[in-house]
Amino acid sequence: MYGLLPNRVIAPVSLRPLWVQSAPMLNHYDLHSHSTASDGTLSPSALVRLAAEAGVRVLALTDHDTTAGIAEARQAAEACGLELVSGVEVSVSWGKQTVHIVGLKVDPENQTLKNGLQALRDFRDWRAQEIGHRLEKAGIPDAYSGALAHSNGILVSRTHFARLLVERGVVEDERKVFKHYLVQGKPGYVPGDWATLESALGWIHGAGGQAVIAHPARYKMTRTKLRTLFGEFRELGGEAIEVVSGSHGRDECISMAKHTNDFGLLASAGSDFHSPENPWVALGRLAQLPGDCRPIWADWSESREERTSRMAG
Ligand SMILES: [Zn+2]
Ligand SMILES: [Zn+2]
């Protein structure tokens, strides 16, 4: 589920999916992005500056299983007048599936959240070493240390292995690394053992945040299974579904918008930006939310005003 799009192949405009060419363009809210604190290629401050240049006004930094980039991003955001939403993308095991839950407006200093994310990073570290052992057996030496060198040391993800194998010329693009080495049935596959959905929501809510199911169409679940996930998420107090995502096509956005209405959930929008080298996903270059869904940010400015008037009173 990490960085599935190739990021070193620039397709000519005519070969890009029609959805990307015709996507209406600027969305002032981009509520899903990654920095070098997880598997993005830009530092938190470079990411914020790029978002501001692209016209994004409200950006959420949502690194995988860490909030380590938030402080730097916040400082950069203040300098360039962009509103930063402190976020995180929590890895969850739901049945046999890995699902990502984005937490928005979390307090990065909340101890329960910090402990939960630390446990996930401990598992990631073990998993990365295990992937290294398995790749070694498959004839690829020193993959763990190579992937570690591609990361900033906070966590090592499969995307870092993918970048390493592309760099070494083992495989031509990152998508093929996943396909041939890192997914189920392939030599470097190690199953995920992540947080439960209940724990993830507990951490996010405990830290004062709102929970969003990230890029739901990417899980390739049947409609029935997806609706079971939405139902459980709603029962546990989850707030929103990412309706517009860098990895959703137009029909997927429309169908996710319908699900938000069926389940009484809010709608979110985020590019899931990882790197400027990926030509298909750009900061803020997102479709508008379909008109019949309620944006997760609808109450944000209201609550800020309320806060201001309370403080003034
Ligand atoms: Zn994700
Ligand atoms: Zn993401």
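**Figure 1. Helices and strands of the predicted model.** The protein comprises 11 helices and seven strands, as seen in a predicted model. Of its 313 residues, 46% count as buried. Among the contacts with a separation of 6 or more, 74% join residues 24 or more positions apart.

Figure 2. Seven strands form an open sheet, in the order E1-E2-E3-E4-E5-E6-E7, and their pairing is mixed. Strand E1 (29-30) and strand E7 (266-270) are the edge strands, each of which pairs on one side only. In general, the strands of a sheet pair through backbone hydrogen bonds, in either a parallel or an antiparallel manner.

**Figure 3. Strands E6 and E7 with helix H10.** Strand E6 (residues 240-245) pairs with E7 in the parallel sense, over five bridges. Within this view, Glu 242 stands opposite Ser 268 in E7. Helix H10 (residues 250-263) lies across E6 and E7 and runs at about 165° to E6.

**Figure 4. Surroundings of Cys 293.** Cys 293 is located in the loop between E7 and helix H11 (300-312). This residue counts as buried because it has 24 C-beta neighbours inside 10 Å, where 20 or more are required. Not counting residues up to four places away in sequence, Cys 293 touches Val 243, Ala 257, Thr 260, Asn 261 and Ala 267. For one of these, Ala 257, the C-alpha atom is separated from that of Cys 293 by 6.0 Å, although the two residues are 36 residues apart along the chain.

Figure 5. In helix H3 (residues 70-80), the residues Ile 70, Ala 73, Ala 76 and Ala 77 are buried. Seen down the axis of H3, its buried residues fall within an arc of 130°, and therefore they line one face of the helix. After H3 comes Gly 81, with a positive phi near 75°.

**Figure 6. The crossing of helices H6 and H7.** The axes of H6 and H7 come within 9 Å of each other and cross at roughly 105°. H6 is therefore roughly perpendicular to H7. From H6, the contact is made by Arg 158, Thr 159, Phe 161, Ala 162, Arg 163, Leu 165 and Val 166. From H7, Glu 174, Val 177, Phe 178, Tyr 181 and Leu 182 take part. By class, eight nonpolar, one polar and three charged residues make up the contact of H6 with H7.

**Figure 7. Val 170 in the loop between H6 and H7.** Val 170 is found in the loop that lies between helix H6 (158-167) and helix H7 (174-182). It counts as partly exposed because it has 16 C-beta neighbours inside 10 Å, a number between the limits of 12 or fewer for exposed and 20 or more for buried. Leaving aside neighbours within four places in sequence, Val 170 is in contact with Ile 140 and Leu 165. The C-alpha atoms of Val 170 and Ile 140 are separated by 8.7 Å, and these residues are 30 residues apart along the chain.

Conventions
Residues numbered from 1 in each chain as written. Chains lettered and ligands numbered in written order. Predicted model: local features only at pLDDT ≥ 70, side-chain atom pairs only at ≥ 80, totals over all residues. Helix = DSSP H or I, 4+ residues; strand = E, 2+ residues; numbered from the N terminus. Contact = placed C-beta atoms within 7 Å. Pairing = 2+ DSSP bridges. Axes fitted to C-alpha atoms, helices over the stretch in contact; angles between N-to-C directions. Parallel < 35°, antiparallel > 145°, perpendicular 65-115°, else oblique. Nonpolar A, V, L, I, M, F, W, Y, C, P; charged D, E, K, R; others polar. Arc of directions from axis to C-beta.
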